[in-house]
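Please open the structure below in your viewer and follow the stops in order. Each stop gives a selection and then says what is there.

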Amino acid sequence: MNREYNKTVYACFIGYVVQAIVNNFAPLLFLTFQGSFGIPLTKITFLITFNFGLQLLVDLVSVGFVDKIGYRASMVIAHGCAALGFILLTILPGITPDPFVGLLIAVMVYAVGGGLLEVLVSPVMESCPTDNKEKAMSLLHSFYCWGHVGVVLLSTLFFRIFGIGNWRILAWIWAVVPIINLILFTRVPIAPLVTEEDKGIPLKELLTMRLFWVLMVMMVCAGASEQSVSQWASAFAEKALGVSKTAGDLAGPMAFAVLMGLARAFYGKYGDKIDLDKFMAWSSMLCIAAYLCIVFVPSPVFGLIGCAVTGMSVGIMWPGTFSKAAATLKGGGTALFALLALAGDLGCGGGPTVVGMVSGLFDDNLKMGILAATVFPLLLLAGIAASRAEKKSV
C-alpha cells in the first residue's frame with residue numbers, strides 16, 4: 001500500500017473513535033442532567049432515541065449529497081458537527097429557557113456528525129489500496145469498540161479524580177478528538193471509491209438485485225444480534241455479581257465491547273488466512289449458543305459469561321457484511337454503504353425492541369425476549385448461505 005494512504009487509514013480509525021464518543025459519552029451524564037437541570041428521566045432517555053433516529057435519517061439523506069460534494073468535504077462536515085455538538089452540550093442547556101431543548105439541539109448537531117461518519121468511514125477505508133480489504137475493514141470496526149471502552153474508562157477516571165461537576169471540561173476535551181481528525185482529513189489522500197475500471201451500479205439497478213436485499217437483511221440481523229443483548233448487559237452484570245452500577249457497567253457492557261473489539265482485531269490480523277463466510281457462520285452459531293446459555297443455564301454467572309461471549313460472536317457480523325457487499329457489488333458506491341448503514345441501524349434499534357416487546361408479553365421475563373432474538377443470528381446464518389449462492393450470478 002502507498003505509504004501516504006497509511007495516514008488515511010489512521011484517520012479512518014480515529015473517525016470510528018469519534019463515532020464511539022458521539023454514541024457513548026452523553027449517556028454517562030444522564031443522571032447528572034436529570035439532577036442539574038431538573039429534567040425527567042423519561043425526557044432524558046428520549047435523547048438516545050433522538051440521536052439514533054436522526055442518524056438513521058442522515059444515513060438515508062446522505063445518498064443524495066455525499067457524491068456531489070465529495071468525501072473530503074463530507075468528512076470535514078461530519079467531524080465539525082461532532083465537535084460542535086460536544087461544545088454546545090456544555091453551553092446550550094444553561095442559556096435556553098428549557099434546558100432540555102438545549103440538550104436536544106446539541107444532540108441533533110453531533111448526531112448529524114455521527115450519522116455521516118457511519119456512512120463515510122467504511123467506504124473511505126474501502127477505497128484505500130490495502131493488501132487485504134476484509135482484514136482492514138474488520139480492524140477498522142474494532143476501533144469503534146476501543147473507542148467505546150476508552151470513553152467509559154477515561155470518563156469514569158476523570159469523574160473519579162475531578163468530580164462529575166466538571167463534566168463540561170471533559171466534553172471540551174472529547175471535542176478535541178474530532179477537531180484534530182477534521183484537520184487530518186483536509187490533508188490525507190482519499191482515493192475514489194468507484195474506479196474507472198469498475199462499472200458503477202445505478203441506485204435503481206442496485207435496488208432490483210436480490211443479492212443486495214440479502215445483504216440488507218444480513219445487516220439488519222448483524223445490528224440486531226449485536227444490540228439485543230448489549231443493551232441489557234449491565235442489568236445482567238448487576239444481578240450476577242451483586243455489584244454497584246459502575247462496576248456492573250464495567251463487567252457487562254465493557255466486557256461485551258472488549259470481546260467484540262478483540263474478535264474484530266483478530267480477524268484484522270489473521271483474516272487473510274481465514275475464509276470470511278466460514279468465520280461469519282461459526283460466529284453466528286456461537287451467538288446462538290451464547291443466547292441459549294443466557295436463557296437456559298440457571299447460573300447468573302453463566303448468564304454474564306453468555307453476555308460477554310455474545311460480544312465476541314457478533315464482532316465480525318457488521319464489518320464482514322460490509323466487506324462481502326464491497327467485494328460482490330463493486331460499483332455500488334456511496335449509495336450501497338449508506339443503505340447498508342441504514343439497515344444496520346434499523347437492526348440496532350429493532351433488536352432491543354423485539355427483546356423488550358416479547359419480554360413484556362411474558363410478564364417482563366427478559367430471558368424470553370432474548371430467546372426470541374435468536375431469530376437474528378439464525379437469519380444471518382441463512383443469509384450467508386444465500387449470499388454465496390446469489391453472488392455467483394452477479
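Select Q19. Leaving out residues up to four places away in sequence, Q19 touches Q55, G114, L117, E118 and Y144. This is a predicted model. Q19 lies in helix α1. Is Q19 buried or exposed? Q19 counts as buried because its relative accessible area is 3%, under the 20% cut-off. Q19 and Y144 are 125 residues apart along the chain. Their C-alpha atoms are separated by 7.0 Å.

**Next stop: α1 and α7**

Select residues 4–24 for helix α1 and residues 133–162 for helix α7. At what angle do these two helices pack? The angle is about 40°, and the axes are 7 Å apart. That is why α1 is oblique to α7. Turn the view to see the crossing. α1 passes α7 in a right-handed crossing.

Now show the side chains where the helices meet. From α1, select C12, F13, Y16, V17, Q19, A20, I21, N23 and N24. From α7, select L139, L140, H141, F143, Y144, G147, H148 and V151, which those α1 residues meet. Colour this contact by class. It has eleven nonpolar residues, six polar and no charged.

Select S138, which is found in helix α7. Is S138 buried or exposed? S138 is buried, because its relative accessible area is 0%, below the limit of 20%. Which residues does S138 touch, not counting those up to four places away in sequence? They are R264, Y267, G268, I316 and P319.

Move to L140. Set aside its neighbours within four places in sequence. L140 is then in contact with C12, F13, Y16, V121, S122 and M125.

**The largest nonpolar core**

Keep L140 selected and widen the view. The largest nonpolar core has 109 residues. Which members touch the most other members? They are F25, F33, L140, F212, L329, L340 and I370.

**α10 and α14**

Select residues 210–230 for helix α10 and residues 276–296 for helix α14. They pack at an angle of about 35°, with axes 12 Å apart. Is the crossing of α10 and α14 left-handed or right-handed? The crossing is left-handed.

Show the residues in contact. M218, A224, S225, S228 and V229 belong to α10. They meet M280, C287, Y291 and I294 in α14. By class, this contact has seven nonpolar residues, two polar and no charged.

**V355**

Select V355 in helix α17, residues 333–361. V355 is buried, with a relative accessible area of 0%. V355 and A372 are 17 residues apart along the chain, and their C-alpha atoms are separated by 6.9 Å.

**Last stop: P300**

Select P300. Its place is in helix α15, residues 300–314. P300 is partly exposed, with a relative accessible area of 43%.

Definitions and conventions: Residues are numbered from 1 along each chain as its sequence is written. This is a predicted model: local features need pLDDT of at least 70, side-chain atom pairs count only at pLDDT 80 or more; totals for chains, interfaces and linings use all residues. Side-chain values use heavy atoms; hydrogens and water are left out. Axes are lines fitted to C-alpha atoms, for helices over the stretch in contact, and angles run from 0 to 180 degrees between N-to-C directions. Helices (H or I, at least four residues) and strands (E, at least two) are DSSP runs, numbered from the N terminus. Angles under 35 degrees count as roughly parallel, over 145 as roughly antiparallel, 65 to 115 as roughly perpendicular and the rest as oblique. A crossing is left-handed if the near helix is turned anticlockwise from the far one by less than a right angle, and right-handed if clockwise. Contact means heavy atoms within 4.5 Å. Ala, Val, Leu, Ile, Met, Phe, Trp, Tyr, Cys and Pro count as nonpolar, Asp, Glu, Lys and Arg as charged, and the others, Gly among them, as polar. A nonpolar core is a set of buried Ala, Val, Leu, Ile, Met, Phe, Trp, Tyr and Cys residues joined through side-chain atoms within 4.5 Å. Buried means under 20% relative accessible area, exposed over 50%, partly exposed in between (1.4 Å probe, protein chains only).
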